[in-house]
Amino acid sequence: LKKKAPGKKVIIGGAVLRCLPWQAIQLLCALPYIDLVCVGDGEYPLLDALAAVEQGGDLRSVAGYYYRDRVDGVKHSGVQRVPEITSQPAPAYDAENLALLPPKSVTLPVLYSKGCYWGKCAFCSHPAGGGVQRPEVFVDQIHSLAERHGVNNFYFAGGSIPARFAEEVSRLLLKRRRSIGYGTFMKIEKTFVNNPRLISEM
């Protein structure tokens, strides 16, 4: 990309960098064609970076990134604000692209949390806390995606699913008679193990 368009900026990020932020420094030192590395949630950093490009601003002033500085080496531009999960819109999937895949192979991720209620696992990229989507809003998103795309398999994306959220979502899906298959992260603990009714509803 840099060879064909040397003036374009290359920005990378991802979940792994959240738990291994030092890799952002290594990437910038090792790969000169990378301009910015985002650590953490990327919604606002990406929007702000696009706005800076459109307005001819300096990308190094956009919060949320590690960048290369000729004098000081790799620097961090500051902590970026994190959007509330309740303000997140439903994911938009392109119907034409989905139509290219075998129907039974399609699993759509839907975000239900911006973190994890447990948040103590050293290997995980999900931060502690972060909030959980309202169950009724989440089920509305599942229902809308299922109707729009004819898909019945979903991935509930987020940290370890809280028992209370799982229970409410299961009841709402049953109430709507919406039969789906889904996968998610779950911490095996008493709130699940000692509640066979919840496991049955899920």
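**Close-up views of a predicted model**

**View 1. A salt bridge between Glu-189 and Lys-187.** Glu-189 and Lys-187 form a salt bridge, and their closest N and O atoms are 3.7 Å apart. A salt bridge here is a side-chain nitrogen of Lys or Arg within 4 Å of a carboxyl oxygen of Asp or Glu. Glu-189 is partly exposed, with a relative accessible area of 21%, and Lys-187 is also partly exposed, at 24%. Buried stands for under 20% relative accessible area, exposed for over 50%, and partly exposed for values in between (1.4 Å probe, protein chains only). This is a predicted model, in which local features need pLDDT of at least 70 and side-chain atom pairs count only at pLDDT 80 or more, while totals for chains, interfaces and linings use all residues. Residues are numbered from 1 along each chain as its sequence is written, and side-chain values use heavy atoms, with hydrogens and water left out.

**View 2. The protein chain as a whole.** The chain has eight helices and seven strands. Helices (H or I, at least four residues) and strands (E, at least two) are DSSP runs, numbered from the N terminus. Taken along the principal axes, the C-alpha atoms fill a box of roughly 60 × 40 × 25 Å. Of the 202 residues, 33% count as buried. Among contacts between residues at least 6 apart in sequence, 65% join residues at least 24 apart; a contact means heavy atoms within 4.5 Å. The count of salt bridges comes to 14.

**View 3. The salt bridge between Asp-41 and Lys-114.** The closest N and O atoms of Asp-41 and Lys-114 are 2.6 Å apart, and the two residues form a salt bridge. Asp-41 lies in the loop between strand E2 (36–38) and helix H3 (43–54), and Lys-114 in the loop between E5 and H5, so the pair ties together parts that are 73 residues apart in sequence. Asp-41 is buried, with a relative accessible area of 15%. Lys-114 is buried as well, at 10%. Side chains of opposite charge can pair when their charged atoms come close.

**View 4. Glu-201 and Arg-197 in helix H8.** A salt bridge joins the side chains of Glu-201 and Arg-197 (3.1 Å, N to O). Both residues belong to helix H8 (residues 196–201), where they are four residues apart, about one helical turn. Glu-201 is partly exposed at 22% relative accessibility, and Arg-197 is partly exposed at 38%. Through salt bridges with shared partners, Glu-167, Arg-171, Arg-197 and Glu-201 are joined into one network.

**View 5. The sheet of E5, E6 and E7.** Three strands make an open sheet in the order E5-E6-E7, with parallel pairing. E5 and E7 stand at the edges, each with a single partner strand, so one side of each has no neighbour in the sheet. From one strand to the next the twist averages 30°; axes are lines fitted to C-alpha atoms, for helices over the stretch in contact, and angles run from 0 to 180 degrees between N-to-C directions. Two strands pair if DSSP finds at least two bridges between them. Four bridges join E5 to E6, and Leu-108 has Phe-154 in E6 as its bridge partner. Four bridges also join E6 to strand E7 (residues 181–184). The bridge partner of Asn-153 in E7 is Gly-181, and Tyr-155 stands opposite Gly-183 in E7.

**View 6. The helix crossovers.** E5, H5 and E6 make a right-handed β-α-β unit, as do E6, H6 and E7. Right-handed means that, with the strands pointing away from the viewer, the path from the first strand over the helix to the second runs clockwise. H5 lies across E5 and E6, running at about 155° to E5.

**View 7. The nonpolar cores.** A nonpolar core is a set of buried Ala, Val, Leu, Ile, Met, Phe, Trp, Tyr and Cys residues joined through side-chain atoms within 4.5 Å. The largest has 23 residues, of which Leu-108, Phe-138, Ile-142, Phe-154, Phe-156, Ile-161 and Val-169 touch the most other members. Strand E5 (108–111), helix H5 (135–149), strand E6 (153–157) and helix H6 (163–175) each give two or more residues to this core. H6 gives the most, with six residues. Leaving aside neighbours within four places in sequence, Ile-142 is in contact with Val-110, Phe-154, Phe-156, Leu-173 and Ile-180. Apart from this core lies another, of eight residues, including Ala-49, Ala-52, Leu-59 and Tyr-67.
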